[in-house]
Amino acid sequence: MQKIHPFLWFDTQAEEAMHFYCSVFKNSTPGRVLRYGDAGPGPKGSVMLCTFELEGQQFSAFNGGPHFKFNNAISLAVDCKSQEEVDTLWKKLAAGGGEQGDCGWIKDKYGLSWQITPTVLIELIGDPDPAKAQRVMKAMMQMTKIDIAKIQQAARG
């Protein structure tokens, strides 16, 4: 197991979320499902913790009850190589009640925030030509889902 990995708190949907995320990402593997025993605090036999891997990154999903909710202070960023990958992930993460945000941000049906970010966007925002970088930033700030063709058009001026 990797030394540091995301640990996601759910009310009761940890196993459902694990399977959902594994359906979204091609290179994924569901892992162990641990259940509460006599010591609780959850009902005996109910799912306590699930482990899984997405694109080589290990995750844990925990059923801890309704005490905490996800918020925008943390998100999972996904590096995308093509518009097809951006579009596919966007559609899958929006399914079932996801909420589209600005500048490539989207919340899935569990309220977890994701940044679906084309590699080229980061490259162009960091371009040594400040005018080009600003045009790209301005274009991105007007988008919901990132459109690579429009980002590249803005870069060209």
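Q: Two strands pair if DSSP finds at least two bridges between them; in which sense do S1 and S4 pair, and over how many bridges?
A: This is a predicted model, in which local features need pLDDT of at least 70 and side-chain atom pairs count only at pLDDT 80 or more, while totals for chains, interfaces and linings use all residues. Residues are numbered from 1 along each chain as its sequence is written, and side-chain values use heavy atoms, with hydrogens and water left out. In S4, serine 60 is the bridge partner of phenylalanine 7. The pairing of S1 with S4 is parallel, over four bridges.

Q: How many helices and how many strands does the protein have?
A: Helices (H or I, at least four residues) and strands (E, at least two) are DSSP runs, numbered from the N terminus. Read along the sequence, these elements follow the pattern β-α-β-β-β-β-α-β-β-β-α-α-α, and the C-alpha atoms fill a box of roughly 65 × 25 × 25 Å, taken along the principal axes. The protein has five helices and eight strands.

Q: Which residues form the uncovered face of S1?
A: In the protein, which has 157 residues, 39% count as buried (under 20% relative accessible area with a 1.4 Å probe, protein chains only; exposed is over 50%, partly exposed in between). In S1, Leu8 and Phe10 make up the covered face, whereas the uncovered face consists of Phe7 and Trp9.

Q: Against which elements do the buried residues of H1 pack?
A: The buried residues of this helix are Ala14, Ala17, Met18, Phe20, Tyr21, Cys22 and Val24. Judged by contact (heavy atoms within 4.5 Å), the buried residues of H1 pack against S1, strand S2 (28-35), S3, S4, H2 and S8.

Q: Which residue of S8 stands opposite isoleucine 106?
A: Strand S7 (residues 105-107) pairs with S8 in the antiparallel sense, over three bridges. Opposite isoleucine 106, the residue in S8 is tryptophan 114.

Q: Why does leucine 93 count as buried, and how far apart in space are leucine 93 and tyrosine 21, C-alpha to C-alpha?
A: Leucine 93, found in helix H2, counts as buried because its relative accessibility is 0%. Leaving out residues up to four places away in sequence, leucine 93 touches Phe20, Val24, Gly98, Ile106, Lys107, Asp108, Lys109, Trp114 and Ile116. Leucine 93 and tyrosine 21 are 72 residues apart in sequence, yet their C-alpha to C-alpha distance is 8.4 Å.

Q: Among contacts between residues at least 6 apart in sequence, what percentage joins residues at least 24 apart?
A: Phenylalanine 52 gives a local picture of contacts, touching among others Met18, Tyr21, Cys22, Thr29 and Pro30 when residues up to four places away in sequence are not counted. For contacts in the protein between residues at least 6 apart, the share that joins residues at least 24 apart is 57%.

Key. Pairing = 2+ DSSP bridges.
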